[in-house]
Amino acid sequence: MDKDNRHATTSFPPARILGIETSCDETAAAIVENGRALLSSVVTSQIDLHAKYGGVFPEVASRQHILTIYGVVEQALQQAHMSLKDIDAIAVTRGPGLAGSLVVGVNYAKGLALAEGLPLIGVNHLEGHIYSAWVYPVDVVEPPPAPRFPLLALLISGGHSELNLMYDHLTYEHLGATLDDAAGEAFDKVARLLGLPYPGGPAIQKAAINGNPHAFNFPRARLEGSWNFSFSGLKTAVLRVVRQFEAKKQELPVEDLAASFQAAVVDVLVTKTFQAARKYKAKEILVAGGVSANRAVRTAFLEQNEFPVHIPALSLCTDNAAMIAAAGYFRYALGKHDSLDMDVLPTWPLLPIEGRGSA
Ligand code: KG4
Ligand code: ZN
């Protein structure tokens, strides 16, 4: 395959990156050209294995990664009609995530890098989610415009809810984060209260379709004066209603509860993100992470015309390796390579604590 420059990113060198992601319960590999054009992406989920535990069981997860990683990487190369000789660098999720799961991906990436003499690039999973918004399928007629800086990035996943201002590639100012449950965690916990399966986000979205979002007026924690989020009060409010129905031995109005809960989450996310975008004079907004797959979230952000909004394709919202390859490309282009003694960082924040500002 020719290394043409059709998908080149302005002023960065052309490169094809193999990304590997094993931070939680997905084993994934992908090849991305120039940080944007998706040549292949393979994701195998362990959801069925963990569903009976109601969450991810760490040891089961790492051992499953060991079983699947070789096949997943091979498939990603095959899908792109490539061999490792066509790859310029190996990017792998270094953290945050489950230590045992991260170790499988990082060691596999080290093996490939050593064998092929390729640079190794450790990627922060949260940075990966943000960069998923740069990725588009290689066969599109017209590549979509890349997000423009300064950019307000809302990251809403199972483990994190963060607002960050991006001034340039890999350059962030932390504005706020959740004080308790992450947005996805709130979906998962409320789903459990409503007797819905894990993962809760898709289950709540489905139940909410036929529900009335105004049936229950759940609290919206706006935390005025800060860019932080809090979802635990909302979860407790749902619990209170569930208990009331149980005490009266009445059937739980699951659809109305799901729709009302979802509406409260969307309301808070949209309101705070737009407030921050105005205050910091962001040019555009980016929404990423598992919860950005939520239809109500996507509609709420996309239906306004105050700011251009970038949201990844549905398949790139939840964990995948294309986002790791994309973020890895920009690290590679900026010379941020790692050595073969790189350790995993299970609690790695996107920004060091001292880099965090206040509202
Ligand atoms: O980004 P992700 O795949 O993994 C983490 O890095 O955490 O996010 C997973 C989270 C889960 O909490 C899941 O319930 C939530 O994203 N999620 C959704 C939807 N799809 C996944 N939440 C709301 N609506 C969805 N459609
Ligand atoms: Zn994730």
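Predicted model: local features only at pLDDT ≥ 70, side-chain atom pairs only at ≥ 80, totals over all residues.

Colleague: Into which domains is the chain divided?

Modeller: Domain 1 covers 16–145 + 315–333, and domain 2 covers 151–307. The C-alpha centres of domain 1 and domain 2 lie 26 Å apart. Their contact takes 19 residues from domain 1 and 20 residues from domain 2.

Colleague: How is the area buried between domain 1 and domain 2 described?

Modeller: One gives the area itself and the atoms that supply it. Here about 1,600 Å² is buried between domain 1 and domain 2, and carbon and sulfur atoms give 74% of this area. On the side of domain 1, Leu126, Ile130 and Cys317 supply 34% of the area buried against domain 2, more than any other three residues.

Colleague: How many salt bridges and how many residue pairs in polar contact are counted between domain 1 and domain 2?

Modeller: The count of salt bridges between the two domains is 0. For polar contact, the count is 4 residue pairs, with both residues at pLDDT 80 or more.

Colleague: Which helices each supply at least two residues of the side of domain 1 that touches domain 2?

Modeller: They are α1 (47–51), α4 (125–131) and α10 (322–333). Helix α4 gives the most to this side, with 5 residues. Sorted by class, the side of domain 1 that touches domain 2 has 11 nonpolar, 5 polar and 3 charged residues.

Colleague: What should I know about salt bridges in general, and how many does a search of the whole structure find?

Modeller: Side chains of opposite charge can pair when their charged atoms come close. A search of the whole structure finds 12 salt bridges. One of them joins arginine 331 and glutamate 127, at 3.1 Å from N to O. Because arginine 331 lies in helix α10 and glutamate 127 in helix α4, the pair ties together parts that are 204 residues apart in sequence.

Colleague: Are arginine 331 and glutamate 127 buried or exposed?

Modeller: Both arginine 331 and glutamate 127 are buried.

Colleague: Which residues are linked in a network of salt bridges?

Modeller: The network links Asp181, Glu185, Lys189 and Lys235. Within it, aspartate 181 forms a salt bridge with lysine 189, the closest N and O atoms being 2.9 Å apart. Aspartate 181 also forms a salt bridge with lysine 235, with the closest N and O atoms 2.9 Å apart. This second pair links distant parts of the chain: aspartate 181 is in the loop between β9 (171–177) and α5 (183–193), while lysine 235 is in helix α7 (residues 232–247), 54 residues away. Aspartate 181 has 6% relative accessibility and so counts as buried, whereas lysine 189, at 30%, counts as partly exposed.

Colleague: Why do serine 260 and glutamine 262 count as buried?

Modeller: Buried means under 20% relative accessible area. Serine 260 counts as buried because its relative accessibility is 1%, and glutamine 262 because its value is 9%. Serine 260 is found in helix α8 (residues 254–279), and glutamine 262 is found in helix α8 as well.

Terms used: Residues numbered from 1 in each chain as written. Chains lettered and ligands numbered in written order. Heavy atoms only, no water. Domains from an automatic or database assignment. Contact = heavy atoms within 4.5 Å. Buried area = accessible area lost by both parts, 1.4 Å probe. Salt bridge = Lys/Arg side-chain N within 4 Å of Asp/Glu carboxyl O. Polar contact = N/O pair within 3.5 Å; in protein donor to acceptor, adjacent residues only side chain to side chain. Helix = DSSP H or I, 4+ residues; strand = E, 2+ residues; numbered from the N terminus. Nonpolar A, V, L, I, M, F, W, Y, C, P; charged D, E, K, R; others polar. Buried < 20%, exposed > 50% of the residue type's maximum accessible area, 1.4 Å probe, protein only.
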